[in-house]
Amino acid sequence: MTPKRKKRLILIALMVAGVGVAIAVALKAFNENLMFFYTPSAVAGGEAPADHLIRVGGLVTNGSVKRQPDGLTVTFDITDYAETIKVQYTGILPDLFREGQGIVARGRLQDGNLFVAEEVLAKHDENYMPPEVADALKTAHKEGTAPGGETP
Amino acid sequence: MIPELGHFALILALSLALVLSIFPMIGSLNNTPGWIALARPAAWGQFFFVAIAFGCLVSSFLTNDFSVVYVAQNGNTLLPDVYKISAVWGAHEGSLLLWVLILSGWTVAVSLLARHLPAVMLARVLSVMGMVSIGFLSFLLFTSNPFARVFPAPLEGGDLNPLLQDPGLAIHPPMLYMGYVGMSVAFSFAIAALIGGRLDAAWARWSRPWTTVAWVFLTIGITLGSWWAYNELGWGGWWFWDPVENASFMPWLAATALIHSLAVTEKRGAFKRWTVLLALLAFSLSLLGTFLVRSGVLTSVHSFAADPARGLFILIFLCIVIGGSLTLYAARAPSVSSGGRFDAFSRETLLLGNNMLLVIITAFVLLGTLAPLIYDALGWGKISVGFPWFNRMFVIFTPFLVVLMGMGPLARWKHQDPGELARKLRVALLVSLGGGILAALPLLHKGSVWAGLAVMLSLWIVSSLALSLRQRLRYRKGLAGLWQDLGAKGSGSYYGMVVAHFGVAVFIIGVTFVMQYEIEKDIRLSPGESTELAGYTLRFDGVQAHQGPNYRADRGTLHVLKDEREIALLHPEKRVYTVQTKPMTESGIDVGFTRDIYVSLGEGLGNGDWSMRLYYKPFVRWIWFGGLLIAIGGLLAASDRRYRIALRDQAPVTVGKDGLIASGGA
């Protein structure tokens, strides 16, 4: 092998190794950053891992929104008509957050199935239902637990 | 009457697109001059009729013709005229019409400005653009007719989504579409070159300015979108790794790789096959972006109402375009000569590294964007990819990219002695390491490793650019040479590179500083109460009712004080638009060169108390300023006189002038 070729080979090997390491790191981080979505039924059934970043979604139950005296911490229930879980959030709720609206919350599940949200999402279109929530409602409906097929 | 006219014009445009895509192409293959000559009039006719259709829709909006479904859904008598026009592209059907208008506009621009192209090549390019146009025109006519009527006509329209009633958003989609659709020019040049089997430096030189201009529009569109999100969404964010943002970012990344690789193809005749592949990739990603936005398969703030038929149509179109072009590529690429040779260490290898990194980043963004779809399709559960992952990925890859960015402009084509380059860059290395360490230490400000890294990378770019400029000006006999360069000689592409790379340095500082040092405060305030934020005092003076043209608002008043002196008065608003009864947060922002103070109202808590969110955002303007510089750099590069001179000179130019002078906009 000529020295020139050898140099080129080393260079290529270094490049491949560098890119390989970078890709491996990125893919590993990818697995750690996947957030799974759980329905209230799944959370009640104990499927959701505790203390791990996940997303939950459902309809905000009427009359469940309660504000703590500090004015910033809010608790509310979300439901898929089969099960209901309690969500706690501190901060400013999105503009479209209101009772009866489908929302998605990102956060961690604490003891006693209290979901502590870091972020609450309500979509910009008032007719828009997060697909996950729509699916969750459909599933619960099929199992015969939801009241007469009305999906808002 | 007018809507029918528009509909009819669209049908005529489709017929002309058919003519454009069939006759000139066949004519170019069996050398029939009459058929080749059809390309130009067909392209102009197509543009004429699409423009008429667009004008009809605009006039329906301006005259509040609610018998047109699309106008009834998105228009309103109370809407200010400016927003009546921007409402044309406020939803699915109209924005597709805008897309087609821009596509036919680009086609006409190519037919006018690329007059010095060989007639056969021009006919093929226009013909391929006609094929793309057929896809979109039939999509428009068969699945999303903007001129569909409703009877009886409603008395009042449903109004434009309040989020879109903002000057930033009125121009954001057209800019972005100019970029998306502009990629079809690079695509058409590549396909035409593949058909002709002539992939040479001349081809690269022809398609370079077009690609750069499209890339500039994409850059402006993305920057505007980010700025709009910051102003309008009320959470102070400027980028969310939302699928639709990613959909515009992926073509941008691919196009960035493309303009660099085109430089190599033009200057050195190397990377030919790779460049073609990138051109195909950039346009395919633009189409994929359209598919993601239009089909509603992904959850996103941008999702229009989902319609499976539309999604399916675009998916099939996407498969035809990607499948067809890759088949052509597979058939033609092996016969392309591999062109200019280069050593293991040269400007070519550095640019190859740039391309590899950009493509890897594109692939990761694609993975993160499509992973939720793939997981769902395979029944592995519903997931979303957290934005920390995207951020981390960029932190992994960007430093490598920046290191290459510093070396590239100073390296020679073909062969570069590593030791010599290291000596040239010694000063840049010292400056960036020194500055980085200073910024990482808690001397002036509370230090941070990340801020240190950002300062180091930025200084590396800036100081190596300064070295490159010095070297060039010394060769060009000082400042006189600069004027000569910018004027008569017209080497805009080199200065364009300098400005654009400088923009990247500015951007890096903005992004890192705002992420490291921003302060967010959710707080409840009573009228008259004050709070402290990063050395500023914010005094809340309560909320008053306010009446806008088509909305009601609660309007807060906050005084921003620094050292007892009032420096700004902010009026964040909570608006409810009368027609859609949609609440909207209008933030109050005190803009500054090194920091923004950003306030958005939460909700009333009784007794005049309000919850609100306060942000201190250091250097956030630098993000958009950097984007703007990148775009200006692109414009400078595209204005290079070389391209216009080269068009007259039809002989392929294969070898660059010399390795020492960085004359390429790489």
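1. Let's start where the two chains meet. In this predicted model, the contact draws 30 residues from chain B and 28 residues from chain A. On the side of chain B that touches chain A, the elements giving two or more residues are α13 (347–377), β1 (383–385), α14 (387–407), β2 (519–525), β8 (582–586) and β11 (610–618) of chain B.

2. What is the side of chain B that touches chain A made of, by class? There are 16 nonpolar residues, alongside seven polar and seven charged ones.

3. The two chains also share strand pairing. Strand β1 (residues 34–38) of chain A runs antiparallel to β1(B), and three bridges link the pair. For a handy landmark, look for Leu34(A), which sits opposite Val385(B) in β1(B).

4. Now to the layout of chain B. Its divisions are domain 1 (1–165), domain 2 (183–416), domain 3 (426–516 + 622–631) and domain 4 (519–619). Note that domain 3 is given as two stretches, 426–516 and 622–631. Between the C-alpha centres of domain 2 of chain B and domain 4 of chain B the distance is 40 Å.

5. A helix pair in chain B is worth a look. Two packed helices are described by the angle between their axes and the distance between the axes. For helix α6 (residues 92–113) of chain B and helix α8 (residues 167–196) of chain B, the angle is about 50° and the axes are 9 Å apart. α6(B) and α8(B) are therefore oblique to each other, and their crossing is right-handed.

6. Which residues bring α6(B) and α8(B) together? From α6(B) come Ser95(B), Leu98(B), Trp99(B), Ile102(B), Leu103(B), Trp106(B) and Val110(B). They meet residues of α8(B) that include Pro173(B), Pro174(B), Tyr177(B), Met178(B) and Val181(B). By class, the contact of α6(B) with α8(B) has 12 nonpolar residues, three polar and no charged.

7. Finally, the sheet. Four strands of chain B form an open sheet in the order β2-β11-β10-β9, with antiparallel pairing. At the edges are β2 and β9 (588–590) of chain B, each of which pairs on one side only. From one strand to the next, the twist averages 20°.

8. Within that sheet, β2(B) and β11(B) are joined in the antiparallel sense by seven bridges. To find your place there, follow Lys521(B) to its bridge partner in β11(B), Leu614(B). Both β2 and β11 of chain B are also among the elements on the side that touches chain A.

Notes. Residues are numbered from 1 along each chain as its sequence is written. Chains are lettered from A and ligands numbered from 1 in the order in which they are written. This is a predicted model: local features need pLDDT of at least 70, side-chain atom pairs count only at pLDDT 80 or more; totals for chains, interfaces and linings use all residues. Domain bounds come from an automatic or database domain assignment. Two residues are in contact if their C-beta atoms, placed from the backbone, lie within 7 Å. Ala, Val, Leu, Ile, Met, Phe, Trp, Tyr, Cys and Pro count as nonpolar, Asp, Glu, Lys and Arg as charged, and the others, Gly among them, as polar. Two strands pair if DSSP finds at least two bridges between them. Axes are lines fitted to C-alpha atoms, for helices over the stretch in contact, and angles run from 0 to 180 degrees between N-to-C directions. Angles under 35 degrees count as roughly parallel, over 145 as roughly antiparallel, 65 to 115 as roughly perpendicular and the rest as oblique. A crossing is left-handed if the near helix is turned anticlockwise from the far one by less than a right angle, and right-handed if clockwise.
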